[in-house]
Amino acid sequence: FASFQGAATYYYTIGELIGQGSSIYDETVRVNGQAVHGSVVQEAQGTILRFIIIDAEGEQSLPVVYQGIVPDTFKTGNEVVVEGQLNSNGTFQAHTLMPKCPSKYVPE
């Protein structure tokens with residue numbers, strides 16, 4: 001039980017993360033949101049990805065910078081969980097990108 005507690009990471013909504021203010025800076029956290037259409041920019045031979053996520057209501061947004069291999073299942077408009085740190089300029093530096101897969105696959 002003690003090892004599970006140390007390994008468990010809660011994920012925040014964007015509003016919860018922003019509500020933490022500066023107390024959350026440089027802490028490793030997970031944030032859930034939806035990747036915004038038209039916000040994705042891929043740089044440096046595809047290893048740096050910049051995009052914006054929004055909450056379920058579309059009221060709050062968070063800029064994200066991810067460095068690494070982009071999963072094939074990452075698509076704008078879909079839900080995603082990012083893990084990393086929020087820096088003092090309000091940008092989330094993600095080291096893990098976990099696109100959520102649709103619960104039901106429907107043929108085209």
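**Figure 1. The bridge partner of Ile-48 in strand S5 is Gln-67.** The model shown here is predicted. Strand S4 covers residues 48-54, and strand S5 covers residues 61-67. Seven bridges join S4 to S5, and the two run antiparallel. Together S4 and S5 form a hairpin, with six residues between them. The turn of this hairpin includes Gly-58, whose phi is positive at about 75°.

**Figure 2. Strand S4 also pairs with strands S2 and S3.** Strand S2 takes in residues 29-35 and pairs with S4 in the antiparallel sense. Two bridges make up the S2-S4 pairing. Here Ala-35 stands opposite Ile-53 of S4. Strand S3 takes in residues 41-43 and is joined to S4 by three bridges. S3 and S4 run antiparallel as well. In this pairing, Gln-42 stands opposite Leu-49 of S4.

**Figure 3. The whole chain holds two helices and seven strands.** Along the sequence, the elements follow the pattern α-β-α-β-β-β-β-β-β. The chain has 108 residues, and 31% of them count as buried. Its accessible surface comes to about 6,900 Å². Carbon and sulfur atoms account for 51% of that surface. Now take the contacts with a separation of 6 or more. Of these, 46% are between residues 24 or more positions apart.

**Figure 4. Asp-26 has a positive phi of about 65° although it is not a glycine.** Most residues other than glycine have a negative phi. Where does Asp-26 sit? Its place is in the loop between helix H2 (14-19) and strand S2. Is Asp-26 buried or exposed? Asp-26 has a relative accessible area of 61%, so it is exposed. Asp-26 is also one of the residues that Leu-86 touches.

**Figure 5. Leu-86 is buried in strand S6.** Strand S6 spans residues 79-86. The relative accessible area of Leu-86 is 7%. Which residues does Leu-86 touch, not counting those up to four places away in sequence? They are Leu-17, Ile-24, Tyr-25, Asp-26, Leu-62, Thr-91 and Phe-92. The C-alpha atoms of Leu-86 and Ile-18 are separated by 9.3 Å. Along the chain, Leu-86 and Ile-18 are 68 residues apart.

**Figure 6. Asn-87 lies in the loop between S6 and S7.** The relative accessibility of Asn-87 is 19%. The cut-off for buried is under 20%, so Asn-87 counts as buried. Its contacts include Tyr-25 and Gln-93, leaving aside neighbours within four places in sequence. Tyr-25 is also among the residues that Leu-86 touches.

**Figure 7. Glu-83 forms a salt bridge with Arg-30.** Side chains of opposite charge can pair when their charged atoms come close. A search of the whole structure finds three salt bridges. In the Glu-83 to Arg-30 pair, the closest N and O atoms are 3.2 Å apart. Glu-83 lies in strand S6 and Arg-30 in strand S2, so the pair ties together parts that are 53 residues apart in sequence. How accessible are the two partners? Glu-83 counts as buried, at 13% relative accessibility. Arg-30 counts as partly exposed, at 24%.

**Figure 8. Arg-50 forms a salt bridge with Glu-43.** The closest N and O atoms of this pair are 2.8 Å apart. Arg-50 counts as partly exposed, at 36% relative accessibility. Glu-43 is partly exposed too, with a relative accessible area of 29%.

**Figure 9. The side chains of Glu-79 and Lys-100 meet in a salt bridge.** The N to O distance is 3.6 Å. This pair links distant parts of the chain, 21 residues apart. Glu-79 is in strand S6, whereas Lys-100 is in the segment after strand S7 (92-99). Glu-79 is partly exposed, with a relative accessible area of 36%. Lys-100 counts as partly exposed, at 31% relative accessibility.

Key
Residues are numbered from 1 along each chain as its sequence is written. This is a predicted model: local features need pLDDT of at least 70, side-chain atom pairs count only at pLDDT 80 or more; totals for chains, interfaces and linings use all residues. Side-chain values use heavy atoms; hydrogens and water are left out. Two strands pair if DSSP finds at least two bridges between them. Helices (H or I, at least four residues) and strands (E, at least two) are DSSP runs, numbered from the N terminus. Buried means under 20% relative accessible area, exposed over 50%, partly exposed in between (1.4 Å probe, protein chains only). Contact means heavy atoms within 4.5 Å. Accessible areas come from the Shrake-Rupley method with a 1.4 Å probe; for residues, only the protein chains shown count as cover. A salt bridge is a side-chain nitrogen of Lys or Arg within 4 Å of a carboxyl oxygen of Asp or Glu.
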